[in-house]
Amino acid sequence: MADLTTTFLGITSPNPFWLASAPPTDKEYNVRRAFEAGWGGVVWKTIGEDGPPIVNVNGPRYGVVYGADRRVLGLNNIELITDRPLEVNLEEMARVKADYPDRALIASIMVPCEEEAWKRILPRVAETGVDGIELNFGCPHGMSERGMGAAVGQVPEYIEMVTRWCKQNYDKPVIVKLTPNITDIRYPARAAKNGGADAVSLINTVSSITSVNLDTMSPEPSIDGKGSHGGYCGPAVKPIALNMVADIARDPETAGLPISGIGGVTTWRDAAEYMSLGAGNVQVCTAAMTYGFRIVEEMKRGLSQWMDEKGYTSTADFIGRAVPNVTDWQYLNLNYVAKAKIDQDACIKCGRCYAACEDTSHQAISMSPDRVFEVIDAECVACNLCVDVCPVEDCITMVPMTPGEVDPRTGKTVEADYANWTTHPNNPAAQAAE
Amino acid sequence: MPDPMTQGIAAGRLDATQIARNFDDLHAPLASHEAAVAADRCYFCYDAPCVTACPTAIDIPLFIRQIQVGQPEAAAVTIFEQNILGGMCARVCPTETLCEEACVREAAEGKPVEIGRLQRYATDTLMARQGHPFVRAEPTGKTVAVVGAGPAGLACAHRLAMKGHDVTIFEAKGKPGGLNEYGIAAYKTVDDFAGREVDWLMGIGGITIETGQALGEGLSLDALRADHDAVFLAVGLGGVNALGVEGEARDGVEDAVGFIADLRQARDLRDLPVGRNVVVIGGGMTAIDAALQSRLLGAETVTIAYRRGRDRMPASRYEQDLAASKGVRLMFNVMPVAVHGNGSVAEIELEYTAERNGSLTGTGETLRLPADQVFKAIGQVLTTDGGLELACGKIAVTGAGRTSADGVWAGGDCASGGDDLTVTAVAEGRDAAEDIHGALIG
């Protein structure tokens, strides 16, 4: 079994699966259970300033989006940062870290955008002996309306400023947690780097309304007939997060900046994907909230088996491996030509490929009276929609054409050479450059 | 005291608890979450094979999607638009040879979408929560006589009434429903569903049912034609084929359809006598229903004797397996040659058969089975034809049930063409109604 030991910012944990700062990590009791279950690290539920404890709603905090059989695809929450006294949290962190020296323990912090506030809390966090801190610049609800969380994360200058204060007043790693509720994730990431951050973690939750109760006309979760936007997470947000992780990983200005990947990590495969796009480890929340801490076992075993199959002996072997393959559209090879191919033996004749292609795409699939579905190469643009809607795995595949063959759709010979939009004759910019 | 070992034909072989358990709903209704999970398996196929396989062409992918999105009542309307007896069909259709056999998931994994149970979930929900879902059109002043209140007659009457015509149904028996009421295994239609379904169907208005009115017995086709703008005949098949063997007249040799009708109408199934050793001759659904229910009533041994091989048996493999699972013995390639006994039947003598060049012949080898009750289930015949032209022993029809007489349509088991299934009868009644409507309104 491949060794999953992962070192992130010099912090070594027995595996790359950390629990994200969230409800599951709010108390010593939960965190001990998590470590006993085998999690490699924990980012403690965000702590705030000393003083009167945070107040949460006393009604539902979570909304949900279901797939088939009530499978949780997305959760949203309106819970705030920890509502327990600061001192209690700090004492618990110290005890847990002392008892689990081999695990990563990170303190997540959110205090007002005043240097004094950070100066007050950082030494107290340092005293606990935790391995580092994560700056919560992400939560989109409640705290952001008080000028914290996403309100900071949406202003790169604030990110840089606060990060710098932290680096000046704390000597262990500083991770900046980013909000996805912005237009271009590279700007806050650059700001974090410029402020001296050791890493960024992303994404925090996405501003969302999960559903509307059509009887009461209230958004869910509903508190006495009213709802407010919450933070969306779970498998549904993973594609958004993967793109943001890749954006940062391949941005020249932030290249090399360590990333902790967050957003819908539910299986070992999700983790492997995040890490292949440059994340040094992953943080998990919704999967644990849905299935309990025990799911980490599948993640560990799965990642290890996959690494064995691929011949990777360390997570470092595959971290970032997919980053060079993420590019801009304009650099995609326009000489690559593929055609859909339907395996007639595997086909169960549902006709979904036909409906999708005929109604919404390129009329490139024919249907015979006895329900044989075949691709019309002269119409197929290889859009992949038929593959995506086919209920049978590998029944429809995209088969690349060989250079020298003639594409019956365009009448052109498939060329072996790579050629992209930047040099395409239809590109006005390309012509202008001549 | 109940005693399964009582010799001969006797009532009360099983106690009330066992009887109740035996005749409980064959398939429990789906709960709403079960329905959601089952519905989610539907692929919403293009030009779906299940719809093609349904004699009433219900838009199955649409109604299943409506269940998926939490609107079983709307799903039921989709069903009832095509098949007003969709509730009964959900219970009695041989889905394993119709929609579910055609389901692509049957091809893919041998496990079709549970279309029948989903249809029942939708129709039960609507029938429990709402009244009648359709509104009758303005009265047209036209009158139509429907003879027979079985599935074909009811479906025809409903469609005609919906279009504003006044319909009188003449039914020979004491209750409407036809085979839904007097045929079909009890465990497929528990809690008087057949009766409740007719009451619900009548909610459309414009339909009158006159029971005790049989064609040829006080009711003449000519008089009906004279008094109405159109006539629809759905009289079913009133006769039962004879075995034509020695000893057939002995006590204990009975028609399976009569036994099933008695069973369906019994107030208390413990009062219904059944043999200790029962032999059913035949291979269709009637044979299965008679045999299986004999077992459920407490018969010690029940044998179905079918003259051809299993592959030729009209009852589906699913029904065969169901019967076998309840302890019914299925014998193939045997035909009755004599009924023995002293007054009452005591034994039945069977001869093995072989099929040579398409014809069935006895091999000469015989066996005897103890039998104190023998049920004949070798097909039913038309007994009332109203003087119309016939085809293969049934009322000849063309198009949507047009007979040889002007203004007279026919459908269901009494008419030529189509399988003798509830769902086929519904389709024929519905289509005849549309044709009648077209003829009356022009």
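How many salt bridges are counted between domain 1 of chain B and domain 2 of chain B? The count is zero. Keep in mind that this is a predicted model.

Let's stay with chain B for a moment. Its residues are split into domain 1 (32-129), domain 2 (143-238 + 382-441) and domain 3 (242-376).

| Domain 1 and domain 2 of chain B | Value |
|---|---|
| Separation of centres, over C-alpha atoms | 26 Å |
| Area buried between them | about 1,800 Å² |
| Share of that area on carbon and sulfur atoms | 75% |
| Residue pairs in polar contact, both at pLDDT 80 or more | four residue pairs |

In terms of contacts, 20 residues of domain 1 of chain B touch 21 residues of domain 2 of chain B. On the domain 1 side, I84(B), L85(B) and M88(B) give up the most area to domain 2 of chain B, together 37% of what that side buries.

Which helices of chain B each supply at least two residues of the domain 1 side that touches domain 2? They are α5 (72-82), α6 (86-92) and α9 (115-129) of chain B. The biggest giver is α6(B), with six residues.

Now over to chain A, where four strands make an open sheet in the order β5-β6-β14-β11, with antiparallel pairing. At the edges sit β5 (62-66) and β11 (206-208) of chain A, each pairing on one side only. Neighbouring strands of this sheet are turned by 35 degrees against each other on average, direction ignored.

V206(A), for instance, has Y232(A) in β14(A) as its bridge partner.

Key:
Residues numbered from 1 in each chain as written. Chains lettered and ligands numbered in written order. Predicted model: local features only at pLDDT ≥ 70, side-chain atom pairs only at ≥ 80, totals over all residues. Heavy atoms only, no water. Pairing = 2+ DSSP bridges. Axes fitted to C-alpha atoms, helices over the stretch in contact; angles between N-to-C directions. Domains from an automatic or database assignment. Contact = heavy atoms within 4.5 Å. Buried area = accessible area lost by both parts, 1.4 Å probe. Salt bridge = Lys/Arg side-chain N within 4 Å of Asp/Glu carboxyl O. Polar contact = N/O pair within 3.5 Å; in protein donor to acceptor, adjacent residues only side chain to side chain.
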